[in-house]
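Here's a quick tour of a few side chains and what sits around them. Have the sequence and the 3D view open as you read.

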Amino acid sequence: MPDSAQRMRNGVLRAVRAAAYTVPTDAPESDGTAQWSSTTLVVVHVDADGETGMGYTYAAPEAAALIGGKLAEVLQGRRADDIPALHHALSAAVRNMGRSGIAACAISALDHALWDVKAKRLGVSLIRLLGAAREAMPVYGSGGFTSSGPTEIVRDIEGWRAKGIRLFKIKIGRDEGEDRRRVAAAVEALRHGEQLFVDANGAYDARQAVYMAGWLGEMGVRWFEEPVSSDDAAGLAFVRKHAPGGLAVAAGEYAFTPDAFRLLIGAVDVLQADATRCLGLSGFLQADALCEAHHLPLSSHCAPGLHVAPMCHAGRGVHMEYFHDHVRIESMLFEGVPEVMGGRLQAQDARPGHGLCLREDVAREFAA
C-alpha cells in the first residue's frame with residue numbers, strides 16, 4: 001500500500017492540546033445587556049499521524065480545561081477522519097454536565113480542528129473539501145457599541161466603507177434617547193445602496209421591542225437582531241409579526257445545538273449561527289440544512305476567519321458578520337486571516353485546511 005494511502009487509512013489521533021488567551025479590548029465596550037474590557041479565545045490543536053489541525057472558540061478558559069481533560073480522552077486513539085462518530089462521542093461525553101454553553105464551545109473548537117486536520121491529510125483546502133456554493137461572501141461591518149457616541153459610529157461606518165462594505169451594524173438597548181441619536185447619525189451617514197442593521201442583544205421585552213421596531217422601520221433600518229432574548233422564541237415571533245415589513249428579525253447566535261435552532265424556525269426572518277458555539281463546523285452545516293428545509297436565510301455570527309469557508313459553502317448563506325473585536329484578535333493572533341476585498345471575504349485555497357495558523361509567539365503574551 002502506498003505511504004499516502006496508509007496514512008489516510010490509519011489517521012489516528014495522537015494528541016490534543018488547548019490553551020486560553022485573553023486579549024484586552026482597544027476601548028471600553030458595551031451593548032444592551034453587558035459591558036466588557038477583554039475577550040478570551042480558546043485554541044485547540046489535534047495531531048493525527050504527522051498533521052496538526054487547529055480550531056478555536058470564544059469562551060471562558062474553563063473550555064480549555066474541558067478540552068485538555070475529558071474530551072481529549074474521548075478522542076485519543078480514534079480515527080481522525082470519522083468526524084460524525086467523533087462528534088457524537090464528544091456530545092455523549094458531556095451529557096451529564098449539559099451540552100450547551102462551555103461544553104458546546106469546547107466541542108466546537110475540537111470539531112474545527114478535526115475538519116482542519118482531515119483537509120490537511122487529504123492535501124486540500126477546507127473549501128475544496130466542503131465544496132463551494134460561491135467563491136466569496138459579503139460581510140457587514142459590526143461594532144458601534146453603546147459605549148460609542150454618534151461621532152464614533154460615523155467614523156466606524158467610514159472605516160468599513162473604505163473596505164467596500166455596504167452593510168453596517170450598531171448596538172442599541174441601553175439608553176433610548178442616546179440610541180435614537182446614534183441611529184439617526186448612522187442613517188444620516190449612509191450613502192445610496194447602503195443599509196443599517198441594529199442589535200439589541202436581548203435588551204427589550206416583546207412590547208418594548210415592537211415599539212422600537214416601529215421607529216426603526218421609519219428610519220429605514222433593515223435588520224433588528226435579538227430584539228428580545230434569543231431564548232424567547234415566542235417573544236421573537238411576536239416581534240416578527242408586528243414589526244414593519246422591511247425590518248428583518250434575526251437571532252440564533254446563542255443557539256448551541258440543532259434543537260435550539262429548530263425552535264427559532266418561524267420566529268425569525270434570518271437565522272444566525274456561530275460555528276464557535278453551535279458544535280463547530282458540523283453543527284453549522286446542520287443549521288444550514290435547517291435553513292434549506294425552511295427557505296430561511298443564514299448569516300454567520302462573529303469569528304470571520306473561521307466562518308468564511310462554511311459560509312462560502314452554505315446553500316442559504318447571505319452574509320457574514322465582520323465583528324470589530326474578532327477581526328482585531330484574529331489579525332493579531334493568526335496567520336492566513338482573509339482580507340476583505342470589495343466588501344467580501346473569499347475562502348482561502350492556497351494551502352490545505354482552513355489556512356489559519358496560530359502565532360504562538362504573539363499569543364503567549366495573552367495566555368490566560
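Let's start at serine 230, which is buried because its relative accessible area is 13% (buried means under 20%, exposed over 50%, partly exposed in between, with a 1.4 Å probe and protein chains only). Keep in mind that this is a predicted model, where local features need pLDDT of at least 70, side-chain atom pairs count only at pLDDT 80 or more, and totals for chains, interfaces and linings use all residues. Residues are numbered from 1 along each chain as its sequence is written, and side-chain values use heavy atoms, with hydrogens and water left out.

Serine 230 belongs to the loop between E7 and helix H9 (233-242); helices (H or I, at least four residues) and strands (E, at least two) are DSSP runs, numbered from the N terminus. Its side chain makes a 3.0 Å polar contact with that of glutamate 226 (a pair of N or O atoms within 3.5 Å; within protein, one must be able to donate a hydrogen and the other to accept it, and residues adjacent in sequence count only if both atoms are side-chain atoms). Setting aside neighbours within four places in sequence, serine 230 touches Leu236, Ala251, Tyr254 and Leu264, where contact means heavy atoms within 4.5 Å.

Now for the rings. Searching the whole structure turns up nine aromatic pairs (Phe, Tyr and Trp rings, the last by its six-membered ring, with centres within 6.5 Å; planes under 30 degrees apart are stacked, over 60 edge-to-face, the rest tilted). Here are two of them:

| Pair | Centre distance | Plane angle | Type |
|---|---|---|---|
| Tryptophan 36 and phenylalanine 145 | 5.7 Å | 85° | edge-to-face |
| Tyrosine 204 and phenylalanine 224 | 6.4 Å | 65° | edge-to-face |

Tryptophan 36 is in strand E2 (residues 35-48) and phenylalanine 145 in the loop between strand E4 (136-142) and helix H6 (150-161), so this pair ties together parts 109 residues apart in sequence. Tryptophan 36 counts as partly exposed at 21% relative accessibility, while phenylalanine 145 counts as buried at 6%. Trp36, Phe145 and Phe323 form one aromatic cluster.

As for the other pair, tyrosine 204 counts as buried at 12% relative accessibility, and phenylalanine 224 is buried at 0%.

Finally, which residue lies over the face of tryptophan 215? That's arginine 180, at 4.6 Å from the ring centre (the rule wants NZ of Lys or CZ of Arg within 6 Å of the ring centre and within 35 degrees of the ring normal).
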